[in-house]
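Thanks for coming. Please have a look at the model before I start.

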Amino acid sequence: MFFELFGAFFDVIEIFFYYVLKKPDEEDMSKNIRMLKKYGWFQELLQDGRARELIIHDWQVRQVIGKMNHKKFDRPFYQYRYEQKLRKILIKKLDSE
């Protein structure tokens, strides 16, 4: 029984590190961008030339997009959170230019 609890504990730790510390790759970023294109708020961002350039080329912006969980895109709560997170980094980047 001790070993089962010990194993379950390490399973939880592994899941935590995977989702919190995971570094998204280009595949994650591209996949999420393709999926985000069906939402109006993301389409608006893509129509802004400066924001579009950051979404396509800026490493930090793409990291934020890559870390988004595509399975939660259809949930309004997460959609709002992801939109706010993306807008925040875009504003930060645009202000620093």
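This is a predicted model: local features need pLDDT of at least 70, side-chain atom pairs count only at pLDDT 80 or more; totals for chains, interfaces and linings use all residues.

Residues are numbered from 1 along each chain as its sequence is written, and side-chain values use heavy atoms, with hydrogens and water left out.

Helices here are DSSP runs of H or I, at least four residues, numbered from the N terminus. The axes of H3 (residues 40-47) and H4 (residues 49-57) come within 5 Å and cross at roughly 105°. Axes are lines fitted to C-alpha atoms over the stretch in contact, with angles from 0 to 180 degrees between N-to-C directions. That makes H3 roughly perpendicular to H4, a label for angles of 65 to 115 degrees.

Now the salt bridges, meaning a side-chain nitrogen of Lys or Arg within 4 Å of a carboxyl oxygen of Asp or Glu. The whole structure has five.

One joins aspartate 74 and lysine 38, at 3.6 Å from N to O. Aspartate 74 is in the loop between H5 and H6 and lysine 38 in the loop between H2 and H3, so the pair ties together parts 36 residues apart in sequence.

Arginine 87 pairs with glutamate 44 at 3.9 Å and with glutamate 83 at 3.0 Å. Glutamate 83 is buried at 16% relative accessible area, where buried means under 20% with a 1.4 Å probe, protein chains only. Shared partners join Glu44, Glu83 and Arg87 into one network.

Note on methods. Helices (H or I, at least four residues) and strands (E, at least two) are DSSP runs, numbered from the N terminus. Angles under 35 degrees count as roughly parallel, over 145 as roughly antiparallel, 65 to 115 as roughly perpendicular and the rest as oblique. Buried means under 20% relative accessible area, exposed over 50%, partly exposed in between (1.4 Å probe, protein chains only).
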